[in-house]
Amino acid sequence: MKKTKEISNFFYSQYFADGLRITIGCVVPIIICAAFGEFLMGTFISLGALLIGLSDTPGAPSHRRTGMISCLIVCILTQLITVASNSNIWIMTVVIGLLCFLYSMFAVFNARAATVGSMGILIMLINVDDAYTFKEEMYFLLFFIIGAVWYMLISFSLSQVRPYRLAQQELSESIRFVGDFIRLRANFYDHKVDLDDNYRKLIEKQIEVHEHQENVRDLLFQSKRSIKDTTKVGRFLTLIFNDIVDLFEQSMTTHYDYEVIRKTYAHTGILKEFRNLLLKIANELDHLAYQLNANRAPKPLYNFKDDIESIKELIDEVEQKENINSIPLKKILISIRSITVFIHNIYNYNAIRSNKVNKQEIEEANKFIQTEHIVWSKLRDNLSFNSSIFRHALRMAVVMAVTYLVLNMDWFNVGSMGSYWVLLTIMVILKPGFGLTKERNFQRLLGTVIGGIIGAIILMTVHNEIALFILLIFFFLTAYSLFRVNYIVAVLFMTPYVLIMLSFTGYNTFEIAKERIFDTFLGGMIAFVSSYVVFPNWESFQIRPNMRQLLIANYNYLAIAVRLLSDETVNITEYKLSRKEVYIASANMGSTFQRMLSEPKWRQKSTKEVNRFVILNHILSSYGATLLTQLQQAMNANYTKEHLLLLKKILGNMAKSIVLLTDDQDQPIFTEVSEFPEVTEETLDPAESKLITEQLQFLNKISADLYKSTVDVMEKEAIIHPQKIEMING
């Protein structure tokens with residue numbers, strides 16, 4: 001995508017829309033109140049809009065409404081408790097500890113509840129220093145509620161006027177990430193690119209694709225209106241998303257070992273043609289994403305028929321000249337052609353009545369979404385040191401309470417802003433895992449220092465209040481537009497905004513800048529050290545359960561092949577749900593491994609082994625997708641005894657790995673396939689049969705390597721006894 005198009009795409013994006021919505025909600029009250037000489041009143045109204053705006057994360061309209069109303073209730077109760085307690089340092093210390101623990105535990109429910117909990121902690125920190133009388137605090141609470149209601153009116157109004165805009169923007173992001181995924185896939189056909197390194201990048205990108213696809217599901221499938229919309233818009237977006245998910249699966253399929261493909265065909269030059277075609281497809285998806293984001297009728301950029309025909313002719317030439325088997329190349333081309341068919345269908349949806357297109361998996365879309373019901377038993381179940389959320393909540397409670405107590409002792413000078421900046425920095429930086437804490441620490445420190453320097457330069461050189469106010473709006477809008485895109489840049493823009501805002505209230509902004517930078521360093525250091533020593537939560541604690549869940553998801557996915565070989569009809573919804581579980585488990589395992597890499601070296605006992613496990617699972621998923629696609633397309637073909645035996649071995653190797661990772665408390669319960677079909681007379685084409693045999697042989701090798709990799713990880717982490725391995729091996 002060209003730079004100009006990337007810039008315009010950002011202005012059409014949900015990130016900018018979120019930033020603009022929060023900016024309007026926060027800045028308008030300040031402007032109106034300042035015009036009447038009530039700047040402080042405007043600030044508190046703006047604060048209400050800001051906190052409710054930050055809780056307004058993407059999702060179904062009903063979930064967003066519930067989240068914002070819950071946030072308002074939590075903030076009101078928290079402010080009342082804080083105001084009633086902050087006159088006594090000891091009572092306030094206990095309150096901080098209890099509220100930090102409770103609100104951090106909200107994360108057991110879902111991400112939206114976790115955000116509401118964070119806003120509860122934030123409003124507590126804003127009111128934690130006893131600076132106003134009780135009457136004044138009640139006035140400020142009233143202004144806060146006015147600001148919260150004002151923002152909710154803006155958000156609800158926009159949702160009614162453009163009900164599908166958020167889904168459209170998130171779908172556009174999802175398509176763009178699928179394009180990036182295919183771009184990485186293209187690198188497999190470049191012999192200069194390291195295979196393992198590209199696999200790691202591919203797995204990272206797959207995590208991002210999964211996150212955005214889950215967001216789109218939440219936005220589209222939570223409402224039956226979008227599925228059966230007679231106005232065509234919701235149905236149109238739903239059909240596009242359905243095809244994009246299928247396209248993504250098709251892009252994951254692997255027909256042969258890439259290393260073998262490179263050795264066999266690289267000298268012919270044909271792999272470059274495959275790579276160029278995949279890059280064109282990625283560009284087409286970028287183009288589609290941009291048009292959707294810009295709310296334009298999608299029109300194709302390329303015609304892929306000529307490219308496919310050209311490669312087909314080249315394959316025939318290679319087969320004749322080199323006298324080598326070209327079936328793998330033909331299978332790859334068929335897979336790429338399937339991707340282009342999906343793209344063609346997506347463009348056609350704009351020209352036809354999409355509400356007349358029926359697809360079973362869309363009619364049963366409610367099965368693909370995760371409900372956000374608050375189940376209080378989850379809170380009870382997570383009150384254990386085995387829970388990473390519980391350990392994080394305890395750490396947050398202890399560190400915040402102790403820091404507040406120390407900073408408010410008579411012998412400690414906390415500065416003009418009290419303990420606010422230090423506690424805020426700890427709240428923002430301290431994350432459940434060490435890796436996330438380390439990353440966020442660096443980003444916030446660097447962003448604060450650079451932003452503080454920029455803010456100081458602006459205040460030294462710009463003295464016109466109107467110009468400063470325009471800059472304030474610019475910094476605010478940019479910061480909140482980038483929070484979900486690039487945190488370090490968001491902090492960089494937020495710091496000048498804070499300094500300019502404080503300059504209007506009469507504070508010595510240079511002193512404030514120095515204080516903010518110092519407090520940020522102090523808070524960052526406390527958060528970083530505490531993640532080492534206060535109930536630390538290392539990613540190695542999560543390795544075994546995540547490995548097991550991924551293996552079970554892949555096992556269940558591949559087990560569909562047994563049912564297909566039994567000539568059993570597999571429901572398309574059931575198949576896609578199984579595929580979705582693989583994506584979720586892969587994303588969880590990949591995220592865990594990424595965070596593990598940022599932990600101290602002495603904690604990284606099995607990095608190489610886990611890396612190998614993740615890559616092997618990705619290859620297994622890719623080959624599994626290929627196998628299942630092939631079986632579904634050849635419904636009337638019978639398979640050989642060799643095919644069935646290989647499939648039994650593959651599932652057997654995976655079952656051994658799962659058993660190895662299982663303990664008595666594990667959920668879900670794993671059930672092994674016990675019934676296999678009878679083999680009938682083979683009706684496959686010999687060449688086709690040979691290719692399937694080679695694919696299954698490779699899958700068998702991968703599953704065996706996966707078992708060895710599982711053993712290596714467990715031994716390195718010292719969480720398995722050698723006798724268990726001997727027992728599993730029989």
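**Two loops**

I began with Phe-535, which lies in the loop between α23 (509–533) and α24 (540–565). Helices here are DSSP runs of H or I with at least four residues, strands are E runs of at least two, and both are numbered from the N terminus. A note on what I am reading: this is a predicted model, where local features need pLDDT of at least 70, side-chain atom pairs count only at pLDDT 80 or more, and totals for chains, interfaces and linings use all residues. Residues are numbered from 1 along each chain as its sequence is written, and side-chain values use heavy atoms, with hydrogens and water left out.

Phe-535 has a phi near 45 degrees, a positive value in a residue other than glycine. A reminder to myself: most residues other than glycine have a negative phi. I also looked up its accessibility, and Phe-535 is partly exposed at 29%. Buried means under 20% relative accessible area, exposed over 50%, and partly exposed in between, using a 1.4 Å probe and protein chains only.

Asn-295 sits in the loop between α13 and α14 (305–322), and is partly exposed with a relative accessible area of 46%.

**The whole chain**

Next I stepped back and found 29 helices and zero strands in the protein chain. Of its 730 residues, 56% are buried. Among contacts (heavy atoms within 4.5 Å) between residues at least 6 apart in sequence, 82% join residues at least 24 apart.

How confident is the predictor? The average pLDDT (confidence in each residue, from 0 to 100) is 81, and 85% of the residues score at least 70. Confidence is lowest in helix α10 (residues 224–227), with a mean of 51, and highest in helix α5 (residues 89–104), at 93.

I picked Leu-477 in helix α21 (residues 465–482). Leu-477 is buried, at 18% relative accessible area. Leaving out residues up to four places away in sequence, Leu-477 touches Phe-16, Gly-19, Leu-20 and Thr-23.

**Helices side by side**

Which residues of helix α12 (residues 258–265) are buried? I found Tyr-258, Ile-261, Arg-262 and Tyr-265. Seen down the axis of α12, they fall within an arc of 100 degrees (taken from the directions from the helix axis to the C-beta atoms), so they line one face of the helix. These buried residues pack against α8 (165–186), α9 (195–221), α13 (270–293) and α15 (327–348).

Then I turned to α18 (residues 388–407) and α19 (residues 420–429), whose axes come within 10 Å and cross at roughly 170 degrees. Axes are lines fitted to C-alpha atoms, for helices over the stretch in contact, and angles run from 0 to 180 degrees between N-to-C directions. The two helices are therefore roughly antiparallel, a label for angles over 145 degrees. Among the residues that meet are Met-396 and Leu-407 in α18, and Val-422 and Met-427 in α19.

**Cysteines**

Last, I looked for disulfides (pairs of cysteine sulfur atoms within 2.5 Å), and the whole structure has zero. The sulfur of Cys-71 is 4.0 Å from the closest cysteine sulfur, in Cys-75, which is too far for a bond. Cys-71 is buried at 0% relative accessibility, and Cys-33 is buried at 8%.

Note on methods. pLDDT = per-residue confidence, 0-100. Parallel < 35°, antiparallel > 145°, perpendicular 65-115°, else oblique.
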